[in-house]
Amino acid sequence: MKSKLAASPLETFVACAHQMLDPATPEPVRRAMEPRLLAQLPALRALGVFELFELRDPAMRTWLADELEGPGADFQRTHPVFLL
């Protein structure tokens, strides 16, 4: 029996972001993706992902910046090298 490997934080983040940005995704599904996507932020921040990449979607970029800079966050804006 094969065991299913857990997705990495980056894989989970990208999958959730794609689903949230897809106009065909029903609103309840989109809302269900939010906490799953947000749960990946600490790991992605620790890996330095947001220092290297910037999201192309303005609404998602603003939402995540607000989440990363929220109460207790030590996120500093940097100039990313690549756009996602």
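**Terms and their grounds**

Q: Why is R30 called buried?
A: The relative accessible area of R30 is 18%. Buried means under 20%, exposed over 50%, and partly exposed in between (1.4 Å probe, protein chains only). R30, at 18%, therefore counts as buried.

Q: What kind of model is this, and which values are used?
A: This is a predicted model, in which local features need pLDDT of at least 70 and side-chain atom pairs count only at pLDDT 80 or more, while totals for chains, interfaces and linings use all residues. Residues are numbered from 1 along each chain as its sequence is written, and side-chain values use heavy atoms, with hydrogens and water left out.

Q: What makes up the protein chain, and in which order?
A: The protein chain has five helices and two strands. Along the sequence they follow the pattern α-α-α-α-β-α-β. Helices (H or I, at least four residues) and strands (E, at least two) are DSSP runs, numbered from the N terminus.

Q: How do you know that the span of α2 is close to the expected one?
A: Helix α2 covers residues 27–39, which is 13 residues, and it reaches 19 Å from its first C-alpha to its last. The expected span is 1.5 Å times one less than the number of residues.

Q: Which residues of α2 are buried, and against what do they pack?
A: The buried residues of α2 are R30, M33, E34 and L37. They pack against α1 (9–21), α3 (41–47) and α5 (58–68).

Q: Which residues does R30 touch?
A: Leaving out residues up to four places away in sequence, R30 touches M20, D22, P23 and T25. A contact means heavy atoms within 4.5 Å.

Q: Why is the link between E27 and R30 called a salt bridge?
A: A salt bridge is a side-chain nitrogen of Lys or Arg within 4 Å of a carboxyl oxygen of Asp or Glu. In the pair E27 and R30, the closest N and O atoms are 3.1 Å apart. The distance of 3.1 Å falls within 4 Å, so the term applies. E27 and R30 are three residues apart in helix α2, which means that about one helical turn separates them.

Q: Is E27 buried, partly exposed or exposed, and what is its relative accessible area?
A: E27 has a relative accessible area of 37%, so E27 is partly exposed.

Q: How many salt bridges does the structure hold, and what joins them into a network?
A: The structure holds three salt bridges. Besides the bridge of E27 with R30, E27 forms one with R31, the closest N and O atoms being 2.9 Å apart. The side chains of E34 and R31 also meet in a salt bridge, at 2.5 Å from N to O. Shared partners join E27, R30, R31 and E34 into one network.

Q: Which residues have the most contacts inside the largest nonpolar core?
A: They are F13, L37, L41, F50, M60 and L64, in a core of 14 residues. A nonpolar core is a set of buried Ala, Val, Leu, Ile, Met, Phe, Trp, Tyr and Cys residues joined through side-chain atoms within 4.5 Å. At least two residues of this core come from each of α1, α2, α3, α4 (49–52) and α5. The largest share, four residues, is supplied by α1.

Q: Why is the pair of F13 and F50 called edge-to-face?
A: The ring centres of F13 and F50 are 6.1 Å apart and their planes stand at 75°. Rings of Phe, Tyr and Trp (its six-membered ring) pair if their centres lie within 6.5 Å; planes under 30 degrees apart count as stacked, over 60 as edge-to-face and the rest as tilted. The pair of F13 and F50 is therefore edge-to-face. F13 lies in helix α1 and F50 in helix α4, 37 residues apart, and the pair links these distant parts of the chain. Both F13 and F50 are buried.

Q: Why does T12 count as buried?
A: T12, in helix α1, has a relative accessibility of 7%, so T12 counts as buried. Leaving out residues up to four places away in sequence, T12 touches A7, R36 and Q40.
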